[in-house]
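User: I'd like to learn how to read a helix in a model like this one. Could you walk me through it?

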Amino acid sequence: KDHDLWNMLHSIHDFGVNTTKIELDFLEKETVNLMISKKLNMLPRLTSTLAEIVYHKTKGNPFFVSQLMVGLSKEGLLRPSLSRCRWEWDGEKIQERGLPDDVVSFLTATLNRLPIDVLS
């Protein structure tokens, strides 16, 4: 918790800004699969291989699951197939993709990928 982002959040609270802390439990593998199948509008049996990889990489952390899915789409590892009329993905490349160990590092890495003009 000794990170610039944590320090900023504590500073906001110290200035009297009301904040709400939300704690989320980790999702079970089946829940991750249902979440992915609903988002991709596909049957759970078709998304189970992707869900297995996502669950393994995120350990069921709901923030990681959501952000990883967005990242996979932006990177083209999760993409719509017009010929098959459904989503498809590259399981091997997704498995090889690195993921930071904690939410703060993940958020920092995500922010660092933004264009310079957005960051300034």
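**Reading helix α3**

Analyst: Happy to! Keep in mind that this is a predicted model. Let's start at Thr-58, which lies in helix α3, residues 44-58.

User: Is Thr-58 buried or exposed?

Analyst: Thr-58 has a relative accessible area of 3%. Buried means under 20%, so Thr-58 counts as buried. Leaving out residues up to four places away in sequence, Thr-58 touches Phe-64, Val-65, Leu-68 and Leu-99.

User: Which other residues of α3 are buried?

Analyst: The general idea comes first: an α-helix has 3.6 residues a turn, so residues three or four places apart point the same way. In α3, the buried residues are Thr-47, Leu-50, Ala-51, Ile-53, Val-54, Lys-57 and Thr-58. They pack against α2 (29-40), α4 (62-74), β1 (78-81), β2 (86-89) and α5 (91-96).

User: Where does α3 bend?

Analyst: The bend is at Leu-50, by about 40°. The span is worth checking too: a straight helix of 15 residues would span 21 Å, while α3 spans only 18 Å between its end C-alpha atoms. Just after α3, Lys-59 takes a positive phi of about 55°.

User: Which residues have the most contacts inside the largest nonpolar core?

Analyst: That core has 20 residues, and those with the most contacts inside it are Ile-36, Leu-40, Leu-50, Val-54 and Met-69. The elements giving two or more residues to this core are α2, α3 and α4, and α4 provides the largest share, five residues. Setting aside neighbours within four places in sequence, Met-69 is in contact with Ile-36, Leu-40, Leu-50, Val-54 and Leu-78.

Notes:
Residues numbered from 1 in each chain as written. Predicted model: local features only at pLDDT ≥ 70, side-chain atom pairs only at ≥ 80, totals over all residues. Heavy atoms only, no water. Helix = DSSP H or I, 4+ residues; strand = E, 2+ residues; numbered from the N terminus. Buried < 20%, exposed > 50% of the residue type's maximum accessible area, 1.4 Å probe, protein only. Contact = heavy atoms within 4.5 Å. Expected span 1.5 Å × (residues − 1). Bend = angle between axes of the 7 residues up to and from the residue. Core = buried A, V, L, I, M, F, W, Y, C linked by side-chain atoms within 4.5 Å.
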